Amino acid sequence: MASKQEATIPLRFWVDKEQNRVILVEASGDFVDVLFSFMTLPLGTIIRLASKSQPHQPLEIGCISNLYHSVENFSTDVFWNQICKQMLLSPCNPLEAFCQRLKLKVDDTEPTKYFMCSSCSRSSVLLLSTFAGASCSCGKLLSKEMKLMVESKEESGGENGVFVKGDAMFLIFDDLRVLPSSPGNSVQQLLQLGYKDFNKMTEMSLNVGMKEIFSILKQALSSKSPLSDVFLANGESKPLYSFSPEIISNYYRCSVKLKITVSKSKNTILFAEAEADFVDFLFSFLTLPLGSIMHLMSGNLSLGCIDRLYASVKNLSPSWFIGSLGTSLLNPRWATQFGCKSQPLYLSEEATPNFWYGTGVTKNNVGMGCIRREMISKRQDMIQDPVAMKLFDPRSSDGAREHAVGFVRRPCLFVVWDDLKVTPMTSTSSISFLQKLNVPLDDFEEHLVEVGKTKEALNLLGASLTSKAALTEGLFYLLKKPKEESEV
């Protein structure tokens, strides 16, 4: 299947030709690393990758595509700057240093680069940006690219493998359950699948490339049999979506208010009028990795077979992972600067690391020996003459001095449709807007809703992934509550 020119991973798998299904795959840690890396992918990256690899077969994950295309269609004037729009369309992978070492790199997002001002190298406060084009406090651009010293043996590739031990062998089933390969596991699983011998099993092999990996990712989000769909050309399965989040806590982190307009005759939400905080919250779905979504849902989101893959990471013994990477995959969190401050989910982004500028020692690639050069590091003791740096935050109106307030400008009013298409109301006639709806005015009914508890936020997140009517599915139940309950 894969081209001879590209990197591939060899697989052996067994097929039941009568049922035209893949029974199981036996593969090395290289293939399992790629499957587990799905947990690190932000939703925005998945939509972008799917559109790029199969432009004529768009990936539909609930309403997430509508969110992504809303950002695409927004004028940059809606955001604090061009960088904010770029962050949502190409979000950073929180475990990018590890994913860069995969034998088949699913995420083609450009690796993080670091820029500082070439004129302020020894001032008291140095600014560092992960995006080119940000403005230094001196008025010049942060355009001098700097090399970041690698402090972690895991990140530098000192281990054999990326997430799991590279020389280990694994069994992967059609629903992406992953187990260590052993005679005992093989016998037990084959018996559970209804096979008492190998008479109905045909062994096959192939070299899997990026084309197959993209197809597996897409099918994993909508099908319970992605391997059969891809390897046996079974075609696309009917999407299987459901969610019933198990709420551990109703921790009141913050509240996001919006005005909802309902069609009384249809008992559906037509649209919501919202300010920037709610839109930032929705847009932050695009920067949220799959692993963190499954963590928030306690693994109970049936999005294709992603729940089975997540359970495999959770149930696999830590001894099969490199370091603590199994735990990291279960909740990668938002990458630094890619989260949303005004959101009611009980989840934070990666802690902002400290950075230091100074002189470091690197190997000379031309010959023997080492050379000294300007570098930055997250550890003060790794470089000489260290000077503290401040990370520029492009999500702020002034990233050099202010804390992050979100991606879109304040004040600004938006209309969020039931399918999560978002429209800024800047220079838009409200009368023309209502006329286009072609709905009798006496069918409208307004409600004020406060999305302020983890339960409410999770319901909206789950609905956005599994329904084409996210507002109705995720929030309409709030309107049915007795008045005294809603005021609690």
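Reply: The model is predicted, and in it the axes of helix 2 (residues 43–53) and helix 3 (residues 64–73) cross at roughly 85°. Helix 2 and helix 3 are therefore described as roughly perpendicular to each other. Their axes come within 10 Å. On the side of helix 2, the contact is made by L43, G44, I47 and R48, and helix 3 contributes I64, S65 and Y68. Sorted by kind, the residues of this contact are 4 nonpolar, 2 polar and 1 charged.

Next come the cysteines. C63 is buried, with a relative accessible area of 1%. C340 is buried too, at 8%, because a value under 20% counts as buried. The structure holds 0 disulfides. A disulfide is a covalent bond that joins the sulfur atoms of two cysteines.

Aromatic rings are the last topic. A search of the whole structure finds 14 aromatic pairs. In the pair of Y114 and F355, the ring centres are 5.7 Å apart and the planes stand at 50°, so the pair is tilted. Y114 belongs to strand 3 (residues 114–116) and F355 to strand 13 (residues 355–363), so this pair ties together parts that are 241 residues apart in sequence. Y114 is buried, with a relative accessible area of 11%, and F355 is buried as well, at 4%. Elsewhere in the list of aromatic residues, F74, F79, F283 and F414 form one cluster.

Notes. Residues are numbered from 1 along each chain as its sequence is written. This is a predicted model: local features need pLDDT of at least 70, side-chain atom pairs count only at pLDDT 80 or more; totals for chains, interfaces and linings use all residues. Side-chain values use heavy atoms; hydrogens and water are left out. Axes are lines fitted to C-alpha atoms, for helices over the stretch in contact, and angles run from 0 to 180 degrees between N-to-C directions. Helices (H or I, at least four residues) and strands (E, at least two) are DSSP runs, numbered from the N terminus. Angles under 35 degrees count as roughly parallel, over 145 as roughly antiparallel, 65 to 115 as roughly perpendicular and the rest as oblique. Contact means heavy atoms within 4.5 Å. Ala, Val, Leu, Ile, Met, Phe, Trp, Tyr, Cys and Pro count as nonpolar, Asp, Glu, Lys and Arg as charged, and the others, Gly among them, as polar. A disulfide is a pair of cysteine sulfur atoms within 2.5 Å. Buried means under 20% relative accessible area, exposed over 50%, partly exposed in between (1.4 Å probe, protein chains only). Rings of Phe, Tyr and Trp (its six-membered ring) pair if their centres lie within 6.5 Å; planes under 30 degrees apart count as stacked, over 60 as edge-to-face and the rest as tilted.
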